[in-house]
Amino acid sequence: MVLKNMNDLKRLVDGGPRKKLVLAAANDQHSLGAVIRAWKDNIIDPILVGDEAEIHSICSSNNYDITGLRIIDEHETEKSVETAVKMVSGKQADILMKGKIGSATLLRCVLNKEWGLRTGNLLSHFALFEVDTYQKVIAVTDVAMNIAPTLHDKIAIVNNSVACLNRLGYTMPKVAVLGAVEMVNENMQATLDAALLSKMNQRDQIKNCIIDGPLAFDNAVSLESAQLKGIKSEVAGDTDLLLMPDIEVGNVLYKSLVFFAKAKVASIILGAMVPIVLTSRSDSEQAKFDSILLAAAACR
Amino acid sequence: MIALKKRHRIAVAWAHDTNTIAAIAKAVNKGFIDAVLIGNPSEIRKTCNDEGIDYKIFTLMEADNESHASTEAVRLAKEDKADIVMKGLIGTDKFLRAILNKENGLMLPDAVLSYVCALEIPAYHKLLFITDPAVIPFPDLDQKIAMAGYAIEMAQKFGIEKPKIALIGASEKMSRHFESAVDYSIMCKMAEKNQIKNCIMDGPLDIFLACDKQCGKIKGVKTPVDGDADILLFPSLESSNPFYKGLMLFADGKIAGLIRGTKKPVVVMSRNESEISKYYCIALSCLMA
């Protein structure tokens, strides 16, 4: 079961029950459009928490018809996030989305020890790309959240991502642990981590996926490149998930795909009680919408 | 043991003990070595007489003390007057100092000094090569890689083209808390990438998975070694040493071992090892020369 593009992602959620999405600090020009579009497409049932008057004002200037949409009036930003998060922990919402508030503030509430959304797992960023020049969608992690993940972190990041892919219908996603080279080099931690993760997968300590690495980027995505180098790998050329060595290369890859390869992208945060949509102002309208799709598909 | 074609020349440092002299004599009489015994000639002659050995089958060379005997033996090897160097009645530390000497020693450039032995036990269906039960106390990754290389080399000399090497631990699980498990996982990936060659490698594995054919099936662990290991690589001297000694004591094990990393084979045995063990080591050194 493989997703070729974002349309396939949409097909996963079409016709299914609408997921409840709570938008924290919903008086936000940048996120309302995508939320309302997803609502009109019957993907989600939104709950908007924020300054009600401002919400109405934004909607009327954009000609959004929000009749019947549930709004909880809350003027203070931090309070609106707290309310939104508590709705999730109170099982009244399936997805949390960021509105007019900084990511750090939102995540601080998510991680609140009393009423937050902690599961004991590491939070990690998961991005799904549709690129013209690759035969299917490809997931990349972690390009925005964990700066310099240790082996322990990488295990958590892989587990988060694989569980998400399992929910998208992938029974045994192929995971490529990226490095600059495909040989083991004692001076390159990425290649050593790849060896350790491969062994853990072999011993069924990391389940429900096939892990290989180190693989260089070309070997991971191009069977021809891999064959030219004489690489024998179940994953090479057929990768579903790219595990990045650190945030710098991850972030650069993410942005290269968007700017140079004109890729479509959907991103969510994994590891909390529910998927979290953390779009930024620089994301395209399509990316925001696709992220909501991904969150809806990734719900349990 | 395999038939040997050439008569190798062995230099024995401080060849004063009975077991060493008797083992050497046996090998000389079997026709596969010529021996130079370095030490106190009159003492050597006396021991020979006591054991009924004809000292004239050897060349005797005088040395003042154990250290001098060691450096003389190494010198003979360096000058190509000997093919093999053997330790006699000397402490291993003193003897190895001569081997390790920077200007006049016998080390290959940048080589790791290590030890591999071949172990024969009735309970196992073939020879088991063990490393490193004598030299490196806590091998790091590079040392483990060198140890694997030496063991593979030795197995190949015994005719095993692509030996199965089990990297031994207490469990088959990878854990970042065990340096050995981390090193083993890296080595396996290197073997997969042909960075460690000529072997079928897996680890971490416990002894059962390494040497018992039923275990893999019972535990549901897939491993290419699968109870058929040729080589066992241990995480420390303190694990490998009691292992081989336990097998000698309780399982009728016989061993022959050799120092590796040297320009010429070096035979080091415990001063109290039997004559037959020393004889096997001599034969092994000739095989590896």
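## What counts as touching

Two residues are in contact if their C-beta atoms, placed from the backbone, lie within 7 Å. With that rule in hand, we can look at where the chains meet: 13 residues from chain B and 13 residues from chain A take part in the contact. On the side of chain B that touches chain A, the largest share, six residues, comes from helix H6 (residues 179–192) of chain B. That side of chain B splits into six nonpolar, two polar and five charged residues. (Nonpolar means Ala, Val, Leu, Ile, Met, Phe, Trp, Tyr, Cys or Pro; charged means Asp, Glu, Lys or Arg; the others, Gly among them, are polar.)

A quick word on the model: it is predicted, so local features need pLDDT of at least 70 and side-chain atom pairs count only at pLDDT 80 or more, while totals for chains, interfaces and linings use all residues. Residues are numbered from 1 along each chain as its sequence is written, and chains are lettered from A and ligands numbered from 1 in the order in which they are written.

## Two domains in chain A

Chain A is divided into domain 1 (6–118 + 272–298) and domain 2 (124–259), with bounds from an automatic or database domain assignment. Their C-alpha centres lie 29 Å apart.

Where the domains meet, five residues of domain 1 of chain A are in contact with six residues of domain 2 of chain A. Helix H1 (6–13) and H11 of chain A each supply at least two residues of the domain 1 side, and the largest share, three residues, comes from H11(A). The domain 1 side has five nonpolar, no polar and no charged residues.

## A closer look at H11(A)

Helices (H or I, at least four residues) are DSSP runs, numbered from the N terminus. H11 (residues 285–298) of chain A has 14 residues and reaches 20 Å from its first C-alpha to its last, close to the 20 Å expected at 1.5 Å a residue. That expected span is 1.5 Å times one less than the number of residues.

How many residues of H11(A) are buried? The count is 12 of its 14, where buried means that 20 or more other C-beta atoms lie within 10 Å of the residue's own, with C-beta atoms placed from the backbone. Among them are A:Lys288, A:Phe289 and A:Asp290.

## Crossing helices in chain B

Over in chain B, the axes of helix H3 (residues 66–78) and helix H4 (residues 92–100) come within 9 Å and cross at roughly 35°. Axes here are lines fitted to C-alpha atoms, for helices over the stretch in contact, with angles running from 0 to 180 degrees between N-to-C directions.

Residues of H3(B) including B:Ser70 and B:Val74 meet residues of H4(B) including B:Phe95 and B:Ala98. By class, this contact of H3(B) with H4(B) has four nonpolar, three polar and two charged residues.
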